[in-house]
Amino acid sequence: MHAVGKKVRAFVRVKPSAHFAQDVIKFGADNKSIDIHIQKDAKKGVVNNKQTEWSFRLDGVLHHASQDLAYQTVAEELVSAALAGCNGTIMCYGQTGAGKTYTMMGATADYRHRGIIPRAIQQVLRTVARSVDALVTVRISYLEIYNETLTDLLAAPNGGGAGEVQMAVVDCPQGVCVRGLSVHSVSDEEEALNLLFEARRSKVIAEHTLNKNSSRSHCIFTIYIESRFSVCSDVRCVHSKINLIDLAGSERLSKTGSAGQVLREAAYINRSLAFLEQSVIALADPKREHVPFRQSKLTHVLKDSLGGKCNTVLVANICGEALHVEETLSSLRFATRMRWITVEPVLKVTCDPESTVKALKKEISLLKQELAMHDSLANRSLVNYDSLTDDQIAEIKSQIHKYLQGAIDEIDIMNFRQVQEVFKQFKQVVREQECEVEARLRSKYVLIDKNDFVTVAAAQKVGAVDVDHHLLREQDLGTRPTPASPRPDEKKRSVMSSEQSKKEGPRRLSSGRDLGACLPSTSQASILTSDLDVRKSTKSDDAANVDAQPSKAAPVEDPQRPSSPPSKAVAFEQFKEESGSVINRIFKENKSILLARRKRSSAVTRRINSIKQELEEIRKALESQKQERMHQGEYVDEDGHLIVEEKEFLLIMKLKDLKEEYRCGYAELQDLKAEIQYCQRLVDRCRNKLISEFEIWYSESFLIPTHVRNALQPGGSIRPGMVPINRVLCLEEDEQDSFERMQEVVLPCGPDSASFYKAKMKTEQKHTYSRAMSSLKRMRKKPEHVTAAGKGKA
Ligand code: ADP
Ligand code: MG
């Protein structure tokens, strides 16, 4: 079926007639085309100026074709595809009496004349009976749509009308289905045919001029096929269905002479067929997104059975007489349109979890049996494969502890479950140890989040950590910070480290990084203020929050200031990179020169000392030589010069050289000392400069509000040098400093009070800030007065 093409297939079946209009209907030699020719002088209402020739191309013409051939041509392949999992639909379309019911259902009197439905039932159920791999269930339903009313033709006779009222076409995830329609499971052909033949034919059959037995309703017979098969232990399920549709007559009303009730029926039927045609046109147009399936019950029911993923075949039933040529033309047009619809049949395979579980259980019991057999053959009858008991787990646990302690070298392994339990227990031990280590660290140290600058700064003040957080790193342990000093019992350690840092302070200043560490300390800060006569600015968060712009010296060009000033340690690193880079470079250069001089100096000192030692030794040796000479008696030459032995002579020469060397070394050392002193002064000055520049930069960048900074800038309302910055901000006391001092005293005794004091400090800072702001406002109004006052104060 798929191979034939991607379109709906359409066939024409001509009802045998003694009056077949040979000159009107002509078949092509390939049996796939049909030409209609109407003579211009035809009596039956054909107007002369109308078209008289039509040519239709189809997938096959069934003329004088047996039911057998009709089935083979139209249905066999489609049914096979449905058995493999693709949905299929066969529709018979045509005027009343053209042979739709004959094609679909056939004549019940003669077996040879049976139609597509009984033959499809036969094909499906015979195939199912022969299949060995899959478990197939076949079910059937029979629906009639008459005047937009749904009727279940297979409903039990005593079911009454209640069931029919409830029936409705509904869209569900699996596709369209008819609620309330009975679906009957059939195990063999006979059972299915019985249901079909005994179907409650409550179809309304109207008296009709064309054919007394013609149906005025649409009948849809559906065969549902569900195949289950196993892929390893997975149970897969393939669902498919075959819709076999006998449509109501397509003839136009005028011709049949219907009246009253029949006319109304015909109107309904024609309307649903018109909607069917509209849906077909929409389906055939690839640009159309919407197909008006829901306009009628018929099209709604056929929503997932026309084109799309469904193999679709149309049989256009026509009459061969010239009298019906217009209906024939209409049916052929419909058939041609159907052929434009694209189809892409797909297999619908789903998983059946319930059946899969069943299959897996079965497989497990089978494998257990197999295992038991293997064990008995291998004499391993004691092995148990069931889940471990609590006692067994406890035994494994104890073995692991013994193994970790080194009491045993091996852990008994009996089966796979045990191996898994051993690993599980090891994991637990690792977890427990992690917790233990963390708890131990916590009991010894205060853990601080590296990114919590405020806490880090506070910790730096009390000497708990250095800039690089060397004492403890929070991120290593994944914990939140504890902004508190060490516990009372750890006070000694904390005090010691704080003292150490103070002691090491000046020495550690020799490294650039350590300089940063010393920055926020109170002692360091006091040196700065005395040097520069600029007091430390307030660290008020609120002051920093004011929509201030960074000054020219500000480190970042980003117009947005951070909501709270960074810690000084962090800011200092930034300052060294940016505004303070030149002075920092000079500072470093000077420091390296100083370091080199010191090294040289100590090397020279060492050398002098060793010379000194050597001199002593030579002196001693000479002394003993002299003693020996005196003892043996002295020799003199003719000129009265004392004659000494060669050994003594060499010693004297060496002594002379060493003395000279000592003198040079000593002179060099003196020079070096002077140089070192000079360099040390340079370094100190550089350091002070660096720190004071940083303090100014920090205040300007993070603490002074924008309008104050603007006022201080050239051309601003305050002339430079007139008012010191601290006066501008009206800062009487540095709260941050006092808080930090207080923290040092109070916090070690009561770490829980940290948040209380923090909050207190923030409130005080706010007050200070608003005081500063209001005085600034006053200052703006009367600049001379306030400037004078500021001057007076300064
Ligand atoms: P429809 O269902 O289209 O109204 P039917 O199938 O009831 O028409 O056909 C009307 C009559 O014509 C029936 O008596 C049927 O047996 C007969 N008939 C239709 N097609 C054929 C055919 N191909 N061979 C023999 N008889 C046919
Ligand atoms: Mg019929």
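1. Met653 is found in helix 22. The model under review is predicted, and the points below concern selected features of it. Met653 is classed as partly exposed, because its relative accessible area is 35%, a value that lies between the 20% limit for buried residues and the 50% limit for exposed ones.

2. Met653 belongs to a nonpolar patch on the surface, together with Val636, Leu642, Val644, Phe649 and Leu650. The accessible area of these residues together is about 510 Å². Helix 22, which spans residues 646-703, supplies the largest share of the patch, namely three residues.

3. Helix 1 (residues 67-74) has Gln67, Ala70, Tyr71 and Val74 as its buried residues. They lie on the same side of helix 1, because the arc that they cover around the axis is only 100°.

4. His37 has Glu53, in strand 4, as its bridge partner.

5. How many of the residues of strand 6 (residues 88-94) are buried? The count is seven of seven, so strand 6 is largely enclosed by the rest of the structure. In a regular strand, side chains alternate between the two faces of the sheet. In strand 6, Gly88, Ile90, Cys92 and Gly94 point one way, whereas Thr89, Met91 and Tyr93 point the other way, and all are buried.

6. Strand 6 has parallel pairings with strand 13 and strand 14. With strand 13 (residues 234-246), the parallel pairing runs over five bridges, and Met91 stands opposite Ile245 of strand 13. With strand 14 (residues 311-319), the parallel pairing runs over seven bridges, and Thr89 has Thr312 of strand 14 as its bridge partner.

Methods:
Residues are numbered from 1 along each chain as its sequence is written. Chains are lettered from A and ligands numbered from 1 in the order in which they are written. This is a predicted model: local features need pLDDT of at least 70, side-chain atom pairs count only at pLDDT 80 or more; totals for chains, interfaces and linings use all residues. Side-chain values use heavy atoms; hydrogens and water are left out. Patches are made of residues with over 30% relative accessible area and no salt bridge: like charges are joined within 9 Å, nonpolar side chains (Val, Leu, Ile, Met, Phe, Trp, Tyr) within 5 Å. Accessible areas come from the Shrake-Rupley method with a 1.4 Å probe; for residues, only the protein chains shown count as cover. A salt bridge is a side-chain nitrogen of Lys or Arg within 4 Å of a carboxyl oxygen of Asp or Glu. Helices (H or I, at least four residues) and strands (E, at least two) are DSSP runs, numbered from the N terminus. Buried means under 20% relative accessible area, exposed over 50%, partly exposed in between (1.4 Å probe, protein chains only). The arc is that of the directions from the helix axis to the C-beta atoms. Two strands pair if DSSP finds at least two bridges between them.
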